[in-house]
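Here's a quick briefing for anyone meeting this structure for the first time. Take a look, then read on.

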Amino acid sequence: MDIAVPKAPSSTIVLIQVGETCERIVRFTREDIATFARLTGDTNPLHHDVQAAQRARHGEIIASGQQTTAQMIGLVASHFSRSDDGQQRELLCLNFNFAFKAPVFAEQELVLRWHVATVEWSASLGGWLAHVDGRATVRNAHPCVVGRGTLLLKGGRA
């Protein structure tokens, strides 16, 4: 039995493609970590109290999970809403799921990267649905955060 795959109208421009990637390098200082935690209401002392962090499992200040994931979502949102190629885009981030694999310490260089895994046209939503796989990895080492997201891209209005 053949399954019908929805096709975009012939006049529709492809705004996202399987295999497309985006990447950014970030580094959080201890001050960045403490400030982000305070601004987001995260009072966990592991994000701002050196003595508490030293007594804990990891032995030093760690970034909150939401700080790393906020940077990851920001990267994917910025990249896929861009218009530097002459195409206006409307982007909605529909869903993200993350798994925390290792702590992020102050001053570590993190490579944030997203890869487009699948793309399909959604006639009911009038745009491209894409699944993206991402990770935040300590440069030349292990992943700290892995994620998967669902995006909806539509052509923007001029």
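First, a bit of bookkeeping: Lys and Arg count as positive and Asp and Glu as negative, while His and the chain ends are left out. On that count, the mean positions of the 16 positive and 15 negative charges of the protein chain lie 2 Å apart. Keep in mind that this is a predicted model.

**Overall layout**
- You'll find three helices and five strands in the protein chain.
- Their order along the sequence is β-α-α-α-β-β-β-β.
- The C-alpha trace of the protein chain spans about 60 × 40 × 30 Å along its principal axes.

- The protein chain has 158 residues, and 36% of them count as buried.

**Cysteines**
- How many disulfides does the structure hold? The number is zero.
- Cys22 is in no disulfide, and the nearest cysteine sulfur, which belongs to Cys93, sits 11 Å away.
- Cys22 counts as buried because its relative accessibility is 6%, and the cut-off for buried is under 20%.
- Cys144 is in no disulfide either; the nearest cysteine sulfur is that of Cys22, 18 Å away.
- With a relative accessible area of 0%, Cys144 is buried too.

Methods: Residues numbered from 1 in each chain as written. Predicted model: local features only at pLDDT ≥ 70, side-chain atom pairs only at ≥ 80, totals over all residues. Heavy atoms only, no water. Disulfide = S-S within 2.5 Å. Buried < 20%, exposed > 50% of the residue type's maximum accessible area, 1.4 Å probe, protein only. Helix = DSSP H or I, 4+ residues; strand = E, 2+ residues; numbered from the N terminus. Charge placed at Lys NZ, Arg CZ, Asp CG, Glu CD.
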